[in-house]
Amino acid sequence: MEIPDPNRTGCPILNRDSDTRLREAWSFLYIERKQEYGKNNMMNTTSTETKPRGKKRTILGVLLRILLFLLVLVLITGAAVTLYMRYTQTHYRVRFYQELSEKVSGNIRLAVISDLHNREYGADNEMLISDVQALKPDLILFLGDMVIREEDDYQPMLKLVSTLAGNTPCYGVLGNHESERMYSGNDKALPEAFEKAGLKLLRNSREEVSIDGNTIQLIGVEGTAYGFETYGGREFMEKTEISPSAYSILMTHIPILFKTALSEYDFDLGLAGHVHGGIVRIPFLGGLYSDEEGFFPELCSGKYTLDRQQTLIISAGLGDSRPFPPRIHNIPELLVIDISRK
Ligand SMILES: [Fe+2]
């Protein structure tokens, strides 16, 4: 249907003198057409310079908004990471494990400290000491990397060992940071300093400890991921007799050794640290990275069952060897392992 133009003279239905009621009835069309006309007219009369300037302004505005958004995102992410880093430097969790064995008559409690890396939780580690003592362990085991290779002063670690060893027997192995200080940094006095503080180091050696009538075998193996033979680990393990009747705990710093070399020996419980839980832990996927296994390592934190049904527990550690990359979704941990009668 053709729409009449109320402005046009000679309109068959309406002209300027028509009835006002009819004019009102068609007024919405009139307004619409007027707007269309105005738009067209404006476009026609706008100078050719105005159009690109408007577009330029729009693109610039969008770019500025994107930049502002990215800046805010970076600032928020930075603040969140800094806060989380600070939190993981001052807080840890206590993670409990339960092991059952016919080789023990009652409950034996182990507290496990790994990868502390010269960190102090409270002045002189009072927070850590108080927690460990409150847990009343029968043994405190150190899985290595108490120091940081570049830091010459590790008195806080010696103090910690000395305080804890005052109440509870302390045994442990050395980590790669201790080895690097000793062999590359010429810090030959390091093992002796820890021994003097009260830590019995198991450097390819075995000790028997008696707890409430139970004999516990503690075996400590030294070596890097690729230097099991070089550091004498193979030779030691080949000649060591692990008694099948006494509960045996095999400790070494680097967990990959349990995959490449140690799983063929008969022990009850294996303990390792080193990987710091993979540093960044991703929900449902686990740790992000380890030096030995690369991305998404199999051995980085938690409990595993090895080839001969031995249990392996890997600590995510209590510290960091460097500030970056920071631990994400990965709170430092003190382990408590209860070995109870099956
Ligand atoms: Fe470490």
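Author: Let us begin with aspartate 115, which is found in the loop between S2 and H4, where helices (H or I, at least four residues) and strands (E, at least two) are DSSP runs numbered from the N terminus. This is a predicted model, in which local features need pLDDT of at least 70 and side-chain atom pairs count only at pLDDT 80 or more, while totals for chains, interfaces and linings use all residues. Residues are numbered from 1 along each chain as its sequence is written.

Reader: What phi does aspartate 115 have?

Author: Aspartate 115 has a positive phi of about 50° although it is not a glycine. For background, most residues other than glycine have a negative phi, and most peptide bonds are trans.

Reader: And is aspartate 115 buried or exposed?

Author: Aspartate 115 is buried, with 27 other C-beta atoms within 10 Å. The cut-offs are 20 or more other C-beta atoms within 10 Å of its own for buried, 12 or fewer for exposed, and partly exposed in between, with C-beta atoms placed from the backbone.

Reader: Where does asparagine 186 lie, and what is its phi?

Author: Asparagine 186 lies in the loop between helix H6 (176–183) and H7, and has a positive phi of about 60° although it is not a glycine. Asparagine 186 is exposed, with 8 other C-beta atoms within 10 Å.

Reader: Which peptide bond is cis?

Author: The bond from phenylalanine 324 to proline 325 is cis, with omega near -5°, and proline 325 is found in the loop between S15 and strand S16 (333–341).

Reader: Back to S2, then: which way do S2 and S3 pair?

Author: Strand S2 (residues 108–113) pairs with strand S3 (residues 139–142) in the parallel sense over four bridges, pairing being counted if DSSP finds at least two bridges between two strands. The bridge partner of isoleucine 113 in S3 is phenylalanine 142, and the partner of phenylalanine 142 in S4 is glycine 172. S3 and strand S4 (residues 170–172) run parallel and are joined by three bridges.

Reader: What do the helices make with those strands?

Author: S2, helix H4 (residues 126–134) and S3 make a right-handed β-α-β unit, and S3, helix H5 (residues 155–165) and S4 make a right-handed β-α-β unit too. Right-handed here means that, with the strands pointing away from the viewer, the path from the first strand over the helix to the second runs clockwise.

Reader: Which residues of H5 are buried?

Author: They are Met157, Leu160, Val161 and Leu164. These cover an arc of only 95° around the axis, which puts them on the same side of H5; the arc is that of the directions from the helix axis to the C-beta atoms. The buried residues of H5 pack against H4, S3, S4, helix H7 (190–197) and strand S5 (199–201), contact meaning C-beta atoms, placed from the backbone, within 7 Å.

Reader: How do the axes of H5 and H7 cross?

Author: The axes come within 8 Å and cross at roughly 30°, with axes fitted as lines to C-alpha atoms, for helices over the stretch in contact, and angles running from 0 to 180 degrees between N-to-C directions. H5 and H7 are therefore roughly parallel to each other, a label for angles under 35 degrees, whereas over 145 is roughly antiparallel, 65 to 115 roughly perpendicular and the rest oblique.

Notes:
Two residues are in contact if their C-beta atoms, placed from the backbone, lie within 7 Å.
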